[in-house]
Amino acid sequence: MDGGVIVTLKAKTAKFKGAGIYLIEVEGYLDQRWSERLAGMRITTSESKGGTPLTRLAGHLRDQAQLSGVLNSLYELHLPILLVEYREAGDGTVKGCQ
């Protein structure tokens, strides 16, 4: 761990933790060109052990409306959301999305 606080949000207990670095993982492939539409989040792709494409988004989100906008865009693209993590990073750097 890099010393930051990590909060994994679950559907029934999800609460906005404030402005900060968020890591979102979805099932499926999302091209880098979507970054601007998704609040400038950094987009990386990989494959699961079973060969399913996975996309990770990481970046600073300033408020709940911006987080909601990103999640709604992913929903509209029919990409199942697997993970949403809040990562408190005092220096503003995005960690955990290589």
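Residues are numbered from 1 along each chain as its sequence is written, and side-chain values use heavy atoms, with hydrogens and water left out. Because the model is predicted, local features need pLDDT of at least 70 and side-chain atom pairs count only at pLDDT 80 or more, while totals for chains, interfaces and linings use all residues.

Across the whole structure, a search finds five of them, a salt bridge being a side-chain nitrogen of Lys or Arg within 4 Å of a carboxyl oxygen of Asp or Glu. One of these joins the side chains of Glu76 and Arg37, at 3.8 Å from N to O. This pair links distant parts of the chain, 39 residues apart: Glu76 belongs to helix 1, whereas Arg37 sits in the loop between strand 2 (20–27) and strand 3 (42–47). Helices (H or I, at least four residues) and strands (E, at least two) are DSSP runs, numbered from the N terminus. Glu76 is exposed, with a relative accessible area of 52%, and Arg37 is likewise exposed at 52%. Here, buried means under 20% relative accessible area, exposed over 50%, and partly exposed in between (1.4 Å probe, protein chains only).

Two further salt bridges can be followed in the model. The side chains of Asp31 and Arg33 meet at 2.9 Å, N to O, and Arg33 counts as exposed at 73% relative accessibility. Asp63 pairs with Arg62, the closest N and O atoms being 4.0 Å apart. Within this pair, Asp63 is partly exposed, at 30%, whereas Arg62 is exposed, at 55%.

Arg62 also takes part in a contact through its backbone: its nitrogen is reached at 2.7 Å by the side chain of Gln66. Gln66 lies in helix 1 (residues 64–76) and is buried, with a relative accessible area of 16%. Leaving aside residues up to four places away in sequence, Gln66 touches Ala39, His60 and Leu61, where contact means heavy atoms within 4.5 Å.

Turning to strand 5 (residues 81–87), this element includes Arg87. Arg87 is buried, because its relative accessible area is 18%. Its side chain makes a polar contact with the side chain of Glu85, at 2.9 Å. A polar contact is a pair of N or O atoms within 3.5 Å; within protein, one must be able to donate a hydrogen and the other to accept it, and residues adjacent in sequence count only if both atoms are side-chain atoms.
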